[in-house]
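Please look over the sequence and the 3D structure before reading on. The paragraphs below are meant to be read with both in view.

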Amino acid sequence: MFEWAYSGANRAVPRNVGPECAYFLSYNRQIIETIIITALCSYILVKTYPKLVLPQDETYIKSDRGGKRLLVILLALLWGMEIGFKFASRTVIYLLNPCHVTTLMQIYLLAAPPSRTVTAVFRIHLNLLNGPLLAFLFPETASRQIPAEAALYWIQHGMMCVIPYYLLRIGGVYNVEPLGDFNWAIVSYCLNMLYHFIILQAIAIPAQVNLNHMICPALLDPFEGPWYRVAAVLHQAVLCPLLCKAYCLVADFCLTKFPPTKVKQQLKELLQDKKTDDKKDL
């Protein structure tokens, strides 16, 4: 019934699609891992969610910046091209991969009016930057059969790294928690794991399409074997928060301390337009 969404998946690429990948792990193992990880993440999520803190004194000012308009148009154009390529190649199912979802979150962050929800989504999405990092370290462009589609792979993942920096530069509603606060990282990670084991796996198994390597490991996976998913859960639990904190530290240094790129005193400050400052002086 839904063959149009996954029938174009390239079977020539090893461990990309087919029964060999779908049966790499036994059903019993898949069920046991899913139950344990889902239960554990749900428990941690319930315990950690009440600890999330958003700024209470934040003044939500809507700034109509040309850069935001340009980026949201560019990102929406890239996302539209990605959709077009996926329909043309009958691989729409790949739009469920986390990096595409993160791109949608970034479109929302650029387009939505300032609010506490925007701040929450922004903090959560900062903990998903492991996606573009792994995409650059272990590129998978062989399954993209349309020539321009491979180029779009690099452009999209590059934009995923640029946009958080631009939003941190604006500041205001795009602010981060204190460096020592890992509650947002924990919640983000648990949501990420639940998305993988409940949504991606439920779609990947019947379609026999290896969505984000949920049913069999990548060829370059150093933890290849029956425990590869458990290993991924563990090493991503370390990588995701550390990468987020490192990204924020670098952005903080560049935006508030490094003279050539310094634009404000504190990272959370709302970047003021020069035109606005000139009007205040008058």
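Predicted model: local features only at pLDDT ≥ 70, side-chain atom pairs only at ≥ 80, totals over all residues.

Residues are numbered from 1 along each chain as its sequence is written, and side-chain values use heavy atoms, with hydrogens and water left out.

We start with the core. In soluble globular proteins, nonpolar side chains tend to be buried together. A nonpolar core here is a set of buried Ala, Val, Leu, Ile, Met, Phe, Trp, Tyr and Cys residues joined through side-chain atoms within 4.5 Å. Buried means under 20% relative accessible area, exposed means over 50%, and partly exposed is in between (1.4 Å probe, protein chains only). The largest nonpolar core has 66 residues, and Leu167 and Tyr174 touch the most other members. Two or more residues come from each of helix H2 (19-22), helix H3 (27-48), helix H4 (66-88), H5, helix H6 (116-125), H8, helix H9 (183-207) and H10. The most come from H9, which gives eleven residues to this core. Helices and strands are DSSP runs, numbered from the N terminus (helices are H or I, at least four residues; strands are E, at least two). Leu167 is in contact (heavy atoms within 4.5 Å) with Leu109, Leu110, Phe122 and Tyr174, leaving aside its neighbours within four places in sequence.

Which residues of helix H7 (residues 130-137) are buried? They are Asn130, Gly131, Pro132 and Ala135. The elements that cover these buried residues of H7 include helix H5 (98-111), helix H8 (147-170) and helix H10 (228-256).

Next come the helix pairs. Two packed helices are described by the angle between their axes and the distance between the axes. Axes are lines fitted to C-alpha atoms, for helices over the stretch in contact, and angles run from 0 to 180 degrees between N-to-C directions. For H5 and H8, the packing angle is about 35° and the axes are 10 Å apart. Their crossing is left-handed; this word applies if the near helix is turned anticlockwise from the far one by less than a right angle, and right-handed applies if clockwise. On the H5 side the residues are Cys99, His100, Thr102, Thr103, Gln106, Leu109 and Leu110, and they meet Gln156, His157, Met159, Met160, Ile163, Pro164 and Leu167 in H8. By class, this contact of H5 with H8 has eight nonpolar, six polar and no charged residues. Ala, Val, Leu, Ile, Met, Phe, Trp, Tyr, Cys and Pro count as nonpolar, Asp, Glu, Lys and Arg as charged, and the others, Gly among them, as polar.

One residue in this contact can be followed further. Gln156 is found in helix H8 and counts as buried because its relative accessible area is 4%. Its side chain makes a polar contact with the side chain of Thr103, at 2.9 Å. A polar contact is a pair of N or O atoms within 3.5 Å; within protein, one must be able to donate a hydrogen and the other to accept it, and residues adjacent in sequence count only if both atoms are side-chain atoms.

The crossing of H9 and H10 is right-handed. Ala185, Tyr189, Met193, Phe197 and Gln201 in H9 meet residues of H10, among them Arg229, Ala232 and Cys240.

The loops remain. Most residues other than glycine have a negative phi, and most peptide bonds are trans. Arg90, in the loop between H4 and H5, has a positive phi of about 55° although it is not a glycine. Asn212, in the loop between H9 and H10, likewise has a positive phi, of about 50°. Asn97 touches Leu211 and Asn212, not counting residues up to four places away in sequence. A polar atom of the Asn97 side chain lies 3.2 Å from the backbone nitrogen of Asn212.
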